[in-house]
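Here's a quick walk through a protein fold, written for someone who likes to see the layout before setting anything up. Have a look at the sequence and the model first.

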Amino acid sequence: MTTALFENSTAFAGFSVDDVDAASRFYRDTLGLTVSEPVQPGVVFIDLPGGARVLAYEKADHVPATFTVLNFPVTDLEAAVAELARRGATFERYEGTQMETDERGIFRGGGPLIAWFTDPAGNVISVMEDA
């Protein structure tokens, strides 16, 4: 019943940032994604691989998400981490936790290899190996 309601919808997710221009530069220049011109002041769409898109909107009292807002599966995590680091991404280090990462920021404690970094607004993004 509810399927028909959204059958032709092009749903998308969104998250806030504190500076949409800085976020646009990061997602475009560091991650290599297509970022739209502002659809209205402080609002852009980021095109994701596979055809999905996400909305980033500027919020004056932005607080970074306490969870991962985007996950990028890759076939070679080691290469992706090296390239992202070369482009300026800084990987999170979760020392002394259940999700402890190594010196490169890679979690190797079971399941897929995964590494987390943040956008300029502090939102968490991951790259994860999907062999």
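What follows goes from the overall picture to the sheet and then to the hairpins.

## The big picture

Keep in mind that this is a predicted model. The protein has three helices and eight strands, and reading along the sequence gives the pattern α-β-α-β-β-β-β-α-β-β-β. Along the principal axes, the C-alpha trace spans about 45 × 40 × 25 Å.

Of the 131 residues, 37% are buried. The accessible surface is about 7900 Å², with 52% of that belonging to carbon and sulfur atoms. Looking at contacts with a separation of 6 or more, 54% come from residues 24 or more positions apart.

On the charge side, there are 9 positive and 20 negative side chains. The centres of those two sets lie 4 Å apart.

## The four-stranded sheet

In what order do the strands of the open sheet sit? Going across, the order is S1-S4-S3-S2, with mixed pairing. S1 (13-17) and S2 (34-35) are the edge strands, each with a single partner strand, so one side of each has no neighbour in the sheet.

S1 pairs with S4 (residues 53-58) in the parallel sense, over five bridges. Within that pairing, valine 17 stands opposite glutamate 58 in S4. As a bit of background, strands of a sheet pair through backbone hydrogen bonds, either parallel or antiparallel.

Then there's helix H2 (residues 20-30), which lies across S1, S2, S3 (43-47) and S4. H2 runs at about 10° to S3.

## Glycines in the hairpins

Which glycine takes a positive phi in the hairpin of S6 and S7? That's glycine 110, with a phi near 125°, in a hairpin that has six residues between the strands.

The hairpin of S7 and S8 has five residues between the strands, and there glycine 122 takes a positive phi near 90°.

How values were computed. Residues numbered from 1 in each chain as written. Predicted model: local features only at pLDDT ≥ 70, side-chain atom pairs only at ≥ 80, totals over all residues. Heavy atoms only, no water. Pairing = 2+ DSSP bridges. Helix = DSSP H or I, 4+ residues; strand = E, 2+ residues; numbered from the N terminus. Contact = heavy atoms within 4.5 Å. Axes fitted to C-alpha atoms, helices over the stretch in contact; angles between N-to-C directions. Buried < 20%, exposed > 50% of the residue type's maximum accessible area, 1.4 Å probe, protein only. Areas by Shrake-Rupley, 256 points an atom, 1.4 Å probe, with all protein chains shown as cover. Lys, Arg positive; Asp, Glu negative; His and termini not counted. Charge placed at Lys NZ, Arg CZ, Asp CG, Glu CD.
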